[in-house]
Amino acid sequence: MNLARESIELLEQAARILWFEGTKHGLRDREWMALRFLSRANRFSRTPSALASYVGTTRGTASFIIGELERLGYLERKRSATDKRSVTLSVTQQGKKFLVRDPVNVLVEAIAVLGDEVKIRFRDTFRHVLDHSDAAEQRHHTDVCKRCIFLREDRAGTDSKTAAEFSCRLFRAPIAEAEVDLLCTSFEHHRQ
């Protein structure tokens with residue numbers, strides 16, 4: 001028995017929950033993927049082109065997905081104050097409430113009951129697989145800022161308290177501590 005092949009076959013079966021024909025609760029699989037991503041994306045990745053990259057589609061298809069989610073009231077787009085050509089996408093309160101119906105929640109719940117060590121190993125195993133497939137295909141996947149090569153952490157101490165200040169070297173912008181756990185499509189992991 002080939003354990004690697006068997007693992008991929010199980011992954012394919014689980015993926016059917018993510019990619020399905022037709023609609024579930026009124027959304028297609030890519031619309032769910034977009035809504036899910038935008039609810040966890042950092043401010044640099046809440047753009048139509050970043051969404052297209054994450055979903056693995058053209059900008060035209062991403063625009064269609066954005067339009068559908070806007071029409072349903074789950075997403076809003078705002079013009080950038082600094083660059084009128086840029087748009088920022090945000091999940092609305094209605095969209096956040098709708099995510100309770102996300103078909104992927106069944107997988108989240110199945111993993112949530114595992115012990116913490118098993119969950120960490122499970123997550124790290126998938127990261128390892130993505131890192132290796134990215135290297136083989138010369139591409140980058142989306143991940144959280146705190147694992148990114150572009151994140152810079154400075155420790156500023158005042159007597160007994162040490163506070164961390166973060167910045168992104170790629171975007172040359174400060175990052176709030178709460179943002180380091182958000183998804184970024186410009187993520188690049190540390191090479192070993």
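Predicted model: local features only at pLDDT ≥ 70, side-chain atom pairs only at ≥ 80, totals over all residues.
**Helix α1.** I began with α1, a helix of 16 residues covering residues 3-18. From its first C-alpha to its last it reaches 23 Å, close to the expected 22 Å; the expected span is 1.5 Å times one less than the number of residues. I took helices (H or I, at least four residues) and strands (E, at least two) as DSSP runs, numbered from the N terminus. At the start of α1, I found a side-chain oxygen of Asn-2 within 3.0 Å of the backbone nitrogen of Ala-4.

Residues are numbered from 1 along each chain as its sequence is written, and side-chain values use heavy atoms, with hydrogens and water left out.

**The cores.** Next I looked up the nonpolar cores, meaning sets of buried Ala, Val, Leu, Ile, Met, Phe, Trp, Tyr and Cys residues joined through side-chain atoms within 4.5 Å. For exposure I used relative accessible area: buried is under 20%, exposed is over 50%, and partly exposed is in between (1.4 Å probe, protein chains only). The largest core has 23 residues, and Leu-27, Leu-35 and Leu-38 are among those with the most contacts inside it. Two or more residues come from each of α2 (29-40), α3 (48-55), α4 (59-71) and β2 (87-91). Which element gives the most to this core? I found that α2 does, with 6 residues.

I then followed Leu-35. Leaving aside neighbours within four places in sequence, Leu-35 is in contact (heavy atoms within 4.5 Å) with Leu-27, Leu-69, Tyr-74, Val-91, Gly-95, Phe-98 and Leu-99. There is also a second, separate core of 13 residues, including Leu-151 and Cys-184.

**Thr-92.** I found Thr-92 in the loop between β2 and α5 (93-98). Is Thr-92 buried or exposed? Its relative accessible area is 16%, so I noted Thr-92 as buried. Beyond its neighbours within four places in sequence, Thr-92 is in contact with Gly-73, Tyr-74, Leu-75 and Glu-76.

**Aromatic rings.** I counted rings of Phe, Tyr and Trp (its six-membered ring) as a pair if their centres lie within 6.5 Å; planes under 30 degrees apart are stacked, over 60 edge-to-face, and the rest tilted. The count comes to 5 aromatic pairs. Phe-44 and Phe-171 are stacked, at 4.2 Å centre to centre with 5° between the planes. Phe-44 lies in the loop between α2 and α3, and Phe-171 in the loop between β5 (161-168) and β6 (173-175), so this pair ties together parts 127 residues apart in sequence. Phe-44 is buried at 18% relative accessibility, whereas Phe-171 is partly exposed at 34%.

Phe-122 and Phe-126 are edge-to-face, at 4.9 Å and 75°. Both lie in helix α7 (residues 116-137), 4 residues apart, about one turn of the helix. I also saw that ring pairs link Trp-32, Tyr-74 and Phe-98 into a cluster.

**Phe-150.** My last stop was Phe-150, in the loop between β3 (143-144) and β4 (151-158). How many residues separate Phe-150 and Glu-188 along the chain? They are 38 residues apart, yet their C-alpha atoms are separated by 7.3 Å. Apart from neighbours within four places in sequence, Phe-150 is in contact with Ser-167, Cys-168, Arg-169, Leu-170, Ser-186 and Glu-188.

Conventions:
Polar contact = N/O pair within 3.5 Å; in protein donor to acceptor, adjacent residues only side chain to side chain.
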